[in-house]
Amino acid sequence: MMAAPMILAGVGDEFFNGRILREMLPGIVTEAMRNTVVYTVFAFSAGIVLGLLLALARISRRWWLRTFAATFIDTIRGLPALLVIVIIGYGFPIAYKGVTGNFWRWPFGSFGSKYLPGCFSLSLVAAAYMAESIRAGIEAVPRGQMEAARSLGMTQGKAMRKVILPQAFRIIIPPLTNELAALFKDTSLIAVLGVGVGGREILQYARTFSNATGKTTPLVAGGIAYLVITIPLLQLVSYLDRRAKRGTR
Amino acid sequence: MITIRALSKSFGDNEVLRSIDLDVAEREVVCIIGPSGSGKSTFLRCVNRLEEPTSGSITVDGVEVCNSKCNLDAVRTSMGMVFQQFNLFPHKTALGNVTLAPISVLKLDRAEAERRGREMLERVGLAHKADMHPSQLSGGQQQRVAIARALAMQPKVMLFDEATSALDPELVGEVLQVMRDLAGSGMTMMVVTHEMGFARDVADRVVFMDGGVIVEQGTPEAILGNPQQERTKAFLSRTRT
Ligand SMILES: Nc1ncnc2c1ncn2[C@@H]1O[C@H](COP(=O)(O)OP(=O)(O)OP(=O)(O)O)[C@@H](O)[C@H]1O
Ligand SMILES: [Mg+2]
């Protein structure tokens with residue numbers, strides 16, 4: 001009978017320690033969440049562009065483009081994302097340091113050295129996954145659409161841009177939103193690159209506090225910071241899925 | 001207008017067209033009939049190279065279509081095609097469907113394209129449906145929009161591949177009427193159809209295909225009324241309406 005309140009108090013102290021929570025503010029929003037959003041937006045935008053190019057290459061009539069795209073996509077998807085991020089984000093800057101002084105700093109200044117290694121490697125991972133969604137979307141558009149466009153004298157590229165892709169994108173909005181939620185979580189992998197203060201995303205920010213205090217509370221706070229974004233996103237995905245199933249235009 | 005010589009097409013080792021010759025004169029309406037699988041669609045699709053012929057030559061309005069130097073997209077603007085499944089663009093309105101190619105291929109400015117587009121919709125009796133999306137239109141209306149879409153490119157030839165086969169019986173008439181009017185206006189047409197009544201009334205010439213060859217051709221009266229070949233007789237007795 002006496003034990004219950006004590007256990008609860010212990011849980012509160014370890015997982016929901018108010019003092020530590022207060023210490024994490026406002027940085028968990030202004031630094032951690034902000035950077036997670038920046039990484040996500042960057043990787044998603046770059047990923048969607050690269051993913052579209054990969055998807056088009058994947059269904060190209062040129063065999064070498066198809067082979068290249070398929071190999072790239074399968075390689076990235078076949079590897080743990082963490083490994084890709086370590087190899088690209090960690091290895092490349094070291095390998096090219098001699099060439100450019102600082103590989104990432106060279107074109108983008110301090111922004112480059114702070115954010116780019118992580119963002120860039122994450123973009124590659126995102127692109128590989130999105131390429132498959134985009135390709136599936138393009139292939140879901142009936143063949144007759146391309147034939148009708150071509151029969152009107154549109155070139156392959158024009159038909160793709162004006163007729164196929166607008167329809168394909170409607171189909172792939174739900175899976176791409178899903179991909180956005182996944183990407184938002186995967187930004188946590190960037191923590192292994194050990195980005196410095198100011199560039200930390202949620203997980204690394206939480207780990208810093210957790211290491212300093214020896215408590216789990218910062219990690220719980222980090223979890224909440226993820227959920228604040230991911231739960232609405234996942235709700236949106238299921239809403240979009242339901243709407244797509246109802247077959248609205 | 002169209003000259004086809006020794007046209008052959010195989011899918012793998014399936015010989016679908018075997019050395020077909022056919023001429024279509026300007027303003028002529030040629031109806032192509034024949035049993036399912038005889039290669040009618042493939043034949044029509046070779047004419048605007050949606051299907052790549054295996055061998056042979058096709059000349060449309062003096063341009064050799066099978067020549068690798070030929071600008072295929074330019075040639076296609078002079079040939080309209082109407083499909084069994086309509087293939088309207090579902091993300092565009094009726095007017096959007098009709099103006100897309102004139103704007104993006106012929107480089108008309110929007111106002112001019114819309115003027116022409118509305119005129120074409122008027123011609124198929126659908127001016128009042130200009131702002132509807134395909135999903136809001138009946139099958140017959142969709143097919144008429146598809147015809148207007150092809151006409152908006154001001155083609156010299158129109159190709160119809162079973163334009164009424166996917167339609168409910170009560171909607172067939174309105175589409176056939178549009179095709180009749182078009183024939184009456186002097187359009188050169190190649191029409192693959194199962195509508196024998198249409199062939200009898202509208203065609204200048206009926207071509208009967210079977211097994212990838214032209215078995216017999218002639219006036220509607222000759223082919224539909226008094227066929228000479230056994231295969232033609234057998235086919236017509238099966239489809240007699
Ligand atoms: N893309 C393709 N790949 C392989 N075979 C094909 C292809 N298109 C058509 N064929 C074959 O070519 C033959 C002729 O087909 P086609 O569609 O031209 O016939 P059709 O006369 O139009 O028949 P229907 O009246 O049923 O439309 C058929 O045996 C068909 O299986
Ligand atoms: Mg057919």
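Searching the whole structure turns up 21 salt bridges over all chains, a salt bridge being a side-chain nitrogen of Lys or Arg within 4 Å of a carboxyl oxygen of Asp or Glu. This is a predicted model, so local features need pLDDT of at least 70 and side-chain atom pairs count only at pLDDT 80 or more, while totals for chains, interfaces and linings use all residues. Residues are numbered from 1 along each chain as its sequence is written, chains are lettered from A and ligands numbered from 1 in the order in which they are written, and side-chain values use heavy atoms, with hydrogens and water left out.

Take chain A to begin with. The side chains of R58(A) and E132(A) form a salt bridge, at 3.6 Å from N to O. R58(A) sits in helix α3 (residues 27-58) of chain A and E132(A) in helix α7 (residues 105-140) of chain A, so this pair ties together parts that are 74 residues apart in sequence. Helices here are DSSP runs of H or I with at least four residues, and strands are runs of E with at least two, numbered from the N terminus.

Now for where the chains meet. Chain A puts 19 residues into the contact and chain B 26 residues, with contact meaning heavy atoms within 4.5 Å. About 1,800 Å² is buried between chain A and chain B, and carbon and sulfur atoms give 58% of it; buried area is the accessible area (1.4 Å probe) that two parts lose on being put together, summed over both. The rule finds two salt bridges across this interface. In a salt bridge between the chains, the side chains of E147(A) and R45(B) come to 2.8 Å, N to O. On the side of chain A that touches chain B, the elements giving two or more residues are α8 (143-151) and α9 (156-186) of chain A. The largest share, eight residues, is from α8(A). By class, that side of chain A splits into six nonpolar, six polar and seven charged residues. In this scheme Ala, Val, Leu, Ile, Met, Phe, Trp, Tyr, Cys and Pro are nonpolar, Asp, Glu, Lys and Arg are charged, and the others, Gly among them, are polar.

Next comes ligand 1. Of the 13 residues around it, S36(B), G37(B), K40(B), S41(B) and T42(B) come nearest, where a residue is near if one of its heavy atoms lies within 4 Å. An oxygen atom of ligand 1 is 2.8 Å from a polar backbone atom of G37(B), and for G39(B) the distance from a polar backbone atom to a ligand oxygen is 3.0 Å. E162(B) brings a polar side-chain atom to 3.0 Å from an oxygen atom of ligand 1. Taken alone, ligand 1 exposes 640 Å², and the protein buries 61% of that, with accessible areas from the Shrake-Rupley method and a 1.4 Å probe. The shell around ligand 1 draws two or more residues from each of β2 (14-24) and α1 (40-47) of chain B. Its largest share, three residues, comes from α1(B).

Technical notes. A polar contact is a pair of N or O atoms within 3.5 Å; within protein, one must be able to donate a hydrogen and the other to accept it, and residues adjacent in sequence count only if both atoms are side-chain atoms.
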